[in-house]
Amino acid sequence: MEGMSVENKHKIVVAVDESEESMHALSWCLSNLISHNSTATLVLLYVKPPPAMYSSFDVAVHMFSTDVITAVEKYGTDLVNSVMQRAEAVYRNFNKRVNVERVIGSGEAKDVICNTVEKLKPDTLVMGSHGYGFLRKALLGSVSEHCAKRVKCPVVIVKHPHDK
């Protein structure tokens, strides 16, 4: 794929999260899929974990629910801002004309990514690989594999150099 470039006016979704692997995938995308004369749109997609459900019968949660919910929401917002700032630092290092959009979803990552791709209809989805071993992948599943099987556009799964 090296040297491959996406023509003008293409849309690429890059799934980003807190991991080094997702930032590597973003960097790889900018190096390999977007040419210097491209006016591609890069969509940075971040998925927040689903909100925790609280029972009204749980007295401790009921008594502290406002404080706990506020703290969790602030943490979520701070996490989104942190990930997007890291992503901005990655794409600023590239001298390319790229329109950048940010999309924030909430829920199970595999479902949100697939649904967002279905709605946005990008030309390519780029994701990092966490490089989990067989057992962990078998128990937890792989978000990138799930998306690669389900979405209709081409999916590029970028391995981090330490996964070799």
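Trainee: Is Asp111 buried, exposed or partly exposed?

Mentor: Asp111 has a relative accessible area of 32%. Buried means under 20%, exposed over 50% and partly exposed in between, using a 1.4 Å probe and protein chains only, so Asp111 counts as partly exposed. This is a predicted model, in which local features need pLDDT of at least 70 and side-chain atom pairs pLDDT 80 or more, whereas totals for chains, interfaces and linings use all residues. Residues are numbered from 1 along each chain, and side-chain values use heavy atoms, without hydrogens and water.

Trainee: How many residues apart are Asp111 and Arg150, whose side chains meet in a salt bridge?

Mentor: The salt bridge (Lys or Arg side-chain nitrogen within 4 Å of an Asp or Glu carboxyl oxygen) has an N to O distance of 4.0 Å. Asp111 lies in helix 3 and Arg150 in helix 5 (DSSP runs of H or I, at least four residues), so the pair links distant parts of the chain, 39 residues apart.

Trainee: How far apart are the end C-alpha atoms of helix 3?

Mentor: Helix 3 covers residues 109-120, which makes 12 residues. The expected span is 1.5 Å times one less than the number of residues, so helix 3 should span 16 Å. The model agrees with this, for the end C-alpha atoms are apart by 16 Å.

Trainee: Which residue just after helix 3 takes a positive phi?

Mentor: Within helix 3, Val112, Ile113, Cys114, Thr116 and Val117 are buried. Just after the helix, a positive phi of about 50 degrees is taken by Lys121.

Note on methods
Helices (H or I, at least four residues) and strands (E, at least two) are DSSP runs, numbered from the N terminus.
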